Amino acid sequence: MRFKDVFSIIGPGMIGPSSSHTAGAVRLGRVARELIGIQPKQANVVFYGSLAATYRGHGTDLAVTAGLLRLDMDDERIPESLDLADVLGMKVAFLSGSDPAVHPNTLTVTLSSGRRRCRMTGCSIGGGNIEVVEVNGFDLKFTANYPTLIVYHEDRPGVLADVTRLLSVTGINIGYMDVDRKARLGHAATVIEMDGVIQEDLLKKIKRLANVTGLSYIDLNGGVPN
Amino acid sequence: MRFSNLKELALLCADEGKPIYLIMLEDQALESGRTAEQEWDKMKQYYGIMKEAVTKGISSEKLSRSGLTGGDAKRVHEYTRQQEASLEPFTGLAMAYALAVSEVNASMGRIVATPTAGSCGIIPGVFVSSQERFGWTDDHMVNGLFCAGAIGYIIANNSFISGAEGGCQAEIGSAIGMAAGALVELKGGTPEQAVHAVGLAMKNTLGLICDPVGGLVEIPCIVRNGFGAVNALAAADMALAGVSSVIPSDEVIQVMLEVGSAMPDIHRETARGGLAQTPTGRQIIKQLAKDRKKFRSELKKR
């Protein structure tokens, strides 16, 4: 099911004018911001399909920028987000891509700050709902409607068992998982959508696991689906 | 959710002797892990935002950010009250309220996507005007939103609700179906009648393309919200009168999927066809680009 609950239909409460081109874009920006983990210095946004054709008219550029600044989709500062980015020292560039997109409303965000880099591709699928489809070269799908963990690790037996065991002892239920690897026994990444919020110490424990090389934690809704 | 189509939803209602909204509320609490009271309160907040948007939009002559639209809700509101309008006054009110909320959206104000921002006027238009007409409580209306949500949940998962995927039928059409079905239940109709209202309403918007001028959610989106509210009232009346959707509503939803999937790109929110590419539409786009250039050079001077 692409749409999980009643508030993905009635809702979100948002600043207009478009749920897919404005509100969804804010959320895609927020996910990208959480993936890199710090305020980026440079952001390159590539729009595809319908977004490429109409992003100016819908304020999609303002919306993604607002998300990269961690503003929520009902924040009345969205129209001024580019000025806000200036003040905070984040440069943003917008491009239109011509590649065939996976979905009519697709965008790719590339962020950098010093040596840190991050790339994310996601789709705004309507009503402010989003679907991330690629993270740092891994084909990972998730909605960010739930607390979401992204674990980067080596493709070895038992890594996922170690991660899920740690979640299990804390009583956190997993609703959805997706795994991708670059090669057998190569780099891999796993996304886990959970029903509960993760505390800082548990994140540290997961990070210290053998063969885990990094992680991101995304919680756009304070622990409950929007 | 324990239902994935309208037929299952109606059967579930019959089995448990419950209205649609209650099934939705219970399943929602199960899905989110929060209590039914918490979920209900969240919906009540949303209804508050809808009413605020109606009040704001109906009295405002504020233009949209682009300057293309604005003030039509006020115009229609005054006309349907003061003149002998063709529509019965409360129908005119539904239309005016739907325009009002859509205009608030276009001016970057706060609204609730129902199911999208492009179609955010229809449910508030139908709900707030019906509440005034029949003297319903806010609580009753909040229940109605859960009913509308259940219908929308089914449409969204079996077809689509975004113009970029399925054209305007997916946004305006879905909203009309949701509003019509919910209104039937609000007026005391059975779940079966509510389901028929969805199919009756959606048959009337099949094929509607998404062709916003300049890609803005304004022309023709705002007036389509006004028309949509009126259509929802009509579909609810038909269903309550005993008219059934001969082609079952679930099958109508499948037709929307078929038609939307076959729709060319230029008619799916890209502003590359339809009204957006008429001579006047193109002229407006040109003018907007000029205004933007001017705005940018002014910014630079500053």
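How many residues does the contact take from chain B, and how many from chain A? The contact takes 46 residues from chain B and 37 residues from chain A, two residues being in contact if their C-beta atoms, placed from the backbone, lie within 7 Å.

This is a predicted model, in which local features need pLDDT of at least 70 and side-chain atom pairs count only at pLDDT 80 or more, while totals for chains, interfaces and linings use all residues. Residues are numbered from 1 along each chain as its sequence is written, and chains are lettered from A in the order in which they are written.

Select next the side of chain B that touches chain A, where α7(B) gives the most, with nine residues; helices are DSSP runs of H or I with at least four residues, and strands are runs of E with at least two, numbered from the N terminus.

Then select strand β1 of chain A (residues 13–15), which pairs with β1(B) in the antiparallel sense over three bridges, where pairing requires that DSSP finds at least two bridges between the strands. Here A:Gly13 stands opposite B:Val112.

Move on to helix α11 of chain B, residues 221–240, which has 20 residues and reaches 28 Å from its first C-alpha to its last. After α11(B) comes B:Gly242, whose phi is positive, near 105 degrees.

Technical notes
The expected span of a helix is 1.5 Å times one less than its number of residues.
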